[in-house]
Amino acid sequence: MRMYDIIKKKRDGHELSEEEIKFFVEGYTAGEIPDYQASALCMAIYFNGMTDRETSDLTFAVRDSGDKLDFSAIDGIRVDKHSTGGVGDKTSLVVAPIVASLGVKVAKMSGRGLGHTGGTIDKLEAIEGFQTTLSDEDFMKQVNDIGFAIVGQSRQFAPADKKLYALRDVTATVDSMPLIAASIMGKKLAADDDCIVLDVKTGSGSFMKTVEDSKALAQLMVNIGKRAGKKMVALITNMDRPLGFAIGNALEVIEAVETLNGHGPEDFTEVCLTLASHMLSLAGKGTAEECRKMAQRAIDDKSALNKLIETVKAQGGNEKLIQNPDLFKKAKFSHSVKSVKSGYISRADTEAYGLASLALGAGRNTIEDEIDYSAGIILKRKTGDFVNAGDEIAVLYSDKKQSFAEAEKILLNATTLHHKKPAEEPLVYCTVE
Ligand code: URA
């Protein structure tokens, strides 16, 4: 088999066989196929697409390129949730404890943030002492004992994706639906869950900018998961506005704890309850409506909050921070951002909000960058709110006072004001099964 023929076949719009896809993924991972041929194939896929069968084969080849987890030592149904990445998205910190408190196992592997999006592992590391690395035995024991454990990806999961993603990033081939689906699901399927709920973000802060594209991506990923024998459902959720008011690691943990205490922002609480209800329902706990009531009860009676406290303690974190979030270390400096004009906030460029938080030190430009856990933004006004000139729209937090000017500029440019109130947009557009 020759890589040249595979590129030519896809360039001319034909369907690749399973063997050809495996040849490419295995050869590229092993360093036998050069970057220029791999990028030519990615570009051919970008223009000509892939059938569902090809995309599944690409996903399975990516999954099989590295380590896989065996969760058979965990008793009971295991359910996971995966978000395609957003700004202010701390849902895992709320939905996993809700689901685990209701007897469904959550053995979670999460990632770190890069660029404008945050990562759950960085948020957890804002909790003093929290260990995001556990041995397989300790990880599974904790899931069996308390129902929930969460770690970073220390193993070599889907190395093909790591290499391919870096290549796509510099060859303008990231936003190809089959390549995104294979990248996300290739990593997800390396873990051994029974059920997966996908939270496919749509809008300015996400990969998919329209609901139609998000639905198509969701359907593709649901089909791939089902082919791999998983129970799947995807929700299309709105990323045209940040979720909740907090952006930045410790600030987001605090907001998650407030939500588990029943005082969370309305939009964030709604998305969490919807995700948790689908996770519970896939795991066989009842209909989505019944499960939503159960999830609400787990917040009301504090069992979900207690599950988070138990998990933090089990992983070496200081649980007092969860019991009393006022104890989180505060940023050295804060700065109030005021609106220069009056009007309704008609649009908030979520991606830019993420970049403003990055400028404050809350994220990374490169994988080696250090994070300032207390840095970030608390929004005071969101899309649809009316502001007068001089009203505070956000407060910035950072240990680097000099970062405020840039972050403020980004934030103000990202917030569009209009004399008319914008139409209300749904938080959850639809469910794809
Ligand atoms: N997230 C991923 O993991 N991969 C993509 O290609 C896009 C989003």
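A: In this predicted model, α8 passes α9 in a left-handed crossing. The contact is built from Asp-161, Tyr-165 and Arg-168 on the α8 side, and from Leu-179, Ile-180, Ser-183 and Lys-187 on the α9 side. Sorted by class, the contact of α8 with α9 holds 3 nonpolar, 1 polar and 3 charged residues.

Two packed helices are described by the angle between their axes and the distance between the axes. Here the axes of α8 and α9 come within 10 Å and cross at roughly 150°. Angles over 145 degrees count as roughly antiparallel, and α8 and α9 are therefore roughly antiparallel to each other.

The next topic is empty space. Rolling a probe the size of a water molecule over the atoms shows where such space is left. The model has 3 cavities of 30 Å³ or more.

The second largest cavity has a volume of about 70 Å³. Its lining consists of Leu-58, Val-62, Asp-161, Leu-164, Arg-168, Leu-179, Ala-182 and Ser-183. Two or more of these lining residues come from each of α4 (52-63), α8 (159-170) and α9 (177-188). Asp-161 and Arg-168 of α8, and Leu-179 and Ser-183 of α9, belong to the helix contact and also to the lining of the second largest cavity. By class, the lining of the second largest cavity has 5 nonpolar, 1 polar and 2 charged residues.

The largest cavity has a volume of about 160 Å³. A set of 23 residues lines the largest cavity, and those nearest its centre are His-116, Thr-117, Gly-118, Ser-357 and Ala-362. The elements giving two or more residues to this lining are α6 (120-125), α11 (249-260) and α16 (350-359). Of these, α16 gives the most, with 3 residues. The lining of the largest cavity divides into 6 nonpolar, 13 polar and 4 charged residues.

At least two lining residues each are supplied by α12 (266-282) and β8 (343-348). The largest share, 3 residues, comes from β8. In the lining of the second largest pocket, 6 residues are nonpolar, 3 polar and 10 charged.

Terms used: Residues are numbered from 1 along each chain as its sequence is written. This is a predicted model: local features need pLDDT of at least 70, side-chain atom pairs count only at pLDDT 80 or more; totals for chains, interfaces and linings use all residues. Side-chain values use heavy atoms; hydrogens and water are left out. On a 1 Å grid over the protein atoms alone, a cavity is a set of points where a 1.4 Å probe fits but cannot get out, and a pocket is an open set with protein on both sides within 12 Å along at least five of seven lines; lining residues have an atom within 4 Å of a point. Grid points are joined across faces, edges and corners, and a volume is the space filled by probe spheres set on the points. Helices (H or I, at least four residues) and strands (E, at least two) are DSSP runs, numbered from the N terminus. Ala, Val, Leu, Ile, Met, Phe, Trp, Tyr, Cys and Pro count as nonpolar, Asp, Glu, Lys and Arg as charged, and the others, Gly among them, as polar. Axes are lines fitted to C-alpha atoms, for helices over the stretch in contact, and angles run from 0 to 180 degrees between N-to-C directions. Angles under 35 degrees count as roughly parallel, over 145 as roughly antiparallel, 65 to 115 as roughly perpendicular and the rest as oblique. A crossing is left-handed if the near helix is turned anticlockwise from the far one by less than a right angle, and right-handed if clockwise. Contact means heavy atoms within 4.5 Å.
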